[in-house]
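This briefing covers pockets, charged side chains and backbone angles in one protein model. The structure is shown first, and the notes follow by topic.

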Amino acid sequence: MDIEVRAYQEGDLPEMIRIWNEVVEDGTAFPQEELLNVRTGKEFFASQTYNAVAVNMDTGQVCGLYILHPNNVGRCGHICNASYAVRSECRGLHIGEKLVSDCLIQGKRHGFRVLQFNAVVASNIHARHLYERLGFVQLGTIPAGFRMKDGHYEDICPYFKEL
């Protein structure tokens, strides 16, 4: 499978919304609870500093995406944050690694100095292993920081990496 990560185009929005909503519906990784529709999805993605998609060049299928945006403002505006979503049938194919690696490049290109993840769910071991393999450092643990879809709470682990 030949995967290319590139800036999103308006024609990618329907698949980006579908993939994003799939992760939101899973209720185990993103803090959002509201699903995106065409209008809110277009507004949401347009509000980010940068969006990218991972495309299977053999089929043209969007397999994943990421959003990149400031983590804070003003004196902390040099720290960015990102979220990644991979289509369920494409998970395990190292698409997340391609997305995170591209995000590190784009974060620096957009003038950020640090990429920080505020709320990586402790049980999301695949993401945590990926981040650690790419040099992210865990800052600690926030007990019961994430409410799972079924209502129980799990710890979250903030991570960061200098760009």
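**Briefing notes**

Ala 144 counts as partly exposed because its relative accessibility is 42%, where partly exposed is the range between buried (under 20% relative accessible area) and exposed (over 50%), found with a 1.4 Å probe on protein chains only. The model is predicted, so local features need pLDDT of at least 70 and side-chain atom pairs count only at pLDDT 80 or more, while totals for chains, interfaces and linings use all residues. Residues are numbered from 1 along each chain as its sequence is written, and side-chain values use heavy atoms, with hydrogens and water left out.

**Backbone angles**

- Ala 144 is not a glycine, yet has a positive phi of about 55°; its place is in strand 7 (helices, H or I of at least four residues, and strands, E of at least two, are DSSP runs numbered from the N terminus).
- His 94 also is not a glycine and has a positive phi of about 70°.
- His 94 sits in the loop between strand 4 and helix 3 and counts as exposed because its relative accessibility is 55%.
- Most residues other than glycine have a negative phi.

**Salt bridges**

- The whole structure holds 10 salt bridges, each a side-chain nitrogen of Lys or Arg within 4 Å of a carboxyl oxygen of Asp or Glu.
- Arg 87 and Glu 15 form a salt bridge of 2.3 Å, N to O; this pair links distant parts of the chain, with Arg 87 in the loop between strand 4 and helix 3 and Glu 15 in helix 1, 72 residues apart.
- Arg 87 is buried because its relative accessible area is 4%, whereas Glu 15 is partly exposed at 29%.
- Arg 18 and Glu 15 meet at 3.5 Å, N to O, and both lie in helix 1, three residues apart, about one turn of the helix.
- Glu 89 and Arg 18 form a salt bridge of 3.7 Å, N to O; through shared partners, Glu 15, Arg 18, Arg 87 and Glu 89 join into one network.

- Glu 22 lies in helix 1 and is buried without a salt bridge, the nearest side chain of opposite charge being Arg 91 at 4.1 Å (Lys and Arg count as positive, Asp and Glu as negative; His and the chain ends are not counted).
- Not counting residues up to four places away in sequence, Glu 22 touches Val 86, Arg 87, Ser 88 and Arg 91, contact being heavy atoms within 4.5 Å.

- The largest pocket has a volume of about 1100 Å³; of its 39 lining residues, the closest to its centre are Tyr 84, Asn 124, His 126, Ala 127 and Tyr 131.
- A pocket is an open set of points on a 1 Å grid over the protein atoms alone where a 1.4 Å probe fits, with protein on both sides within 12 Å along at least five of seven lines; lining residues have an atom within 4 Å of a point.
- Grid points are joined across faces, edges and corners, and a volume is the space filled by probe spheres set on the points.
- The second largest pocket has a volume of about 190 Å³, and strand 7 gives the most to its lining, with three residues.
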